[in-house]
Amino acid sequence: MSVPMSLAAIGNALAWGFLGLGLLSDAYTVFLFWRTRKGRMASGVPVVALICYLLFCSLRTALSRDCFVPLLAGLFIVHVLVQWVLPTVLGRRLS
């Protein structure tokens with residue numbers, strides 16, 4: 001008989017799940033930008049990935065794990081690039 005997962009392990013798995021969801025959301029936004037036609041810009045859900053990144057860092061900190069502030073800062077920079085810089089660059093290129 002296996003031992004049930006502890007609450008800390010469930011919280012850790014949930015935190016990493018939030019990170020994966022945030023990365024998938026940003027990747028989907030890049031996919032939408034790549035697939036748009038001339039003169040239009042599709043957009044993903046810009047807030048979802050950012051919330052997922054914040055939940056990831058919050059859960060990891062609450063579980064007394066290492067604080068992933070440098071990782072959070074890097075993810076925030078990637079998120080800003082995907083949500084604001086990429087549409088601007090592609091918009092200029094398509095014009």
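Tutor: Let's go for the largest nonpolar core, which is made of 7 residues: Ala15, Leu19, Ala49, Tyr53, Phe56, Phe68 and Leu75. A nonpolar core here is a set of buried Ala, Val, Leu, Ile, Met, Phe, Trp, Tyr and Cys residues joined through side-chain atoms within 4.5 Å. "Buried" means under 20% relative accessible area, "exposed" means over 50%, and "partly exposed" is in between (1.4 Å probe, protein chains only). Helices α1 and α2 (46–62) each give at least two residues to this core, and α2 has the largest share of it, with 3 residues.

Some ground rules before we go on. This is a predicted model, where local features need pLDDT of at least 70 and side-chain atom pairs count only at pLDDT 80 or more, while totals for chains, interfaces and linings use all residues. Residues are numbered from 1 along each chain as its sequence is written, and side-chain values use heavy atoms, with hydrogens and water left out.

So what is the core built into? The protein has 3 helices and 0 strands, and from the N terminus on its elements run α-α-α. Those labels are DSSP runs numbered from the N terminus: helices are H or I with at least four residues, strands are E with at least two.

Now zoom in on Phe56. Skipping its neighbours within four places in sequence, Phe56 is in contact with Ala15, Trp16, Phe18, Leu19, Phe68 and Leu71. Contact just means heavy atoms within 4.5 Å.

Phe68 counts as buried because its relative accessible area is 18%. Not counting residues up to four places away in sequence, Phe68 touches Trp16, Phe56, Cys57 and Arg60. Take Cys57: it is 11 residues from Phe68 along the chain, and their C-alpha atoms are separated by 5.9 Å.

Next, look at Leu75, which has its place in helix α3. Leu75 is buried, with a relative accessible area of 9%. Its contacts, again leaving aside neighbours within four places in sequence, are Leu19, Leu23 and Tyr53. Leu75 and Tyr53 are 22 residues apart in sequence and 7.2 Å apart in space, C-alpha to C-alpha.

Leu72 is also in helix α3. Leu72 touches Tyr53, Leu54 and Cys57, not counting residues up to four places away in sequence. Leu72 and Leu19 are 53 residues apart along the chain, with 9.8 Å between their C-alpha atoms.

On to α1. Its buried residues are Gly11, Ala15, Leu19, Gly22, Ser25, Asp26, Thr29, Leu32 and Phe33. Gly11 has a relative accessibility of 11%, so it counts as buried. Leaving aside its neighbours within four places in sequence, Gly11 is in contact with Leu59 and Leu63. Gly11 and Leu59 are 48 residues apart along the chain, yet their C-alpha atoms are separated by 6.9 Å.

Phe76 lies in helix α3 (residues 69–94) and is partly exposed, with a relative accessible area of 42%.

Finally, the whole protein. Buried residues make up 25% of its 95 residues. Among contacts between residues at least 6 apart in sequence, 70% join residues at least 24 apart. The accessible surface comes to about 6500 Å², of which 72% belongs to carbon and sulfur atoms. Areas come from the Shrake-Rupley method with a 1.4 Å probe; for residues, only the protein chains shown count as cover.
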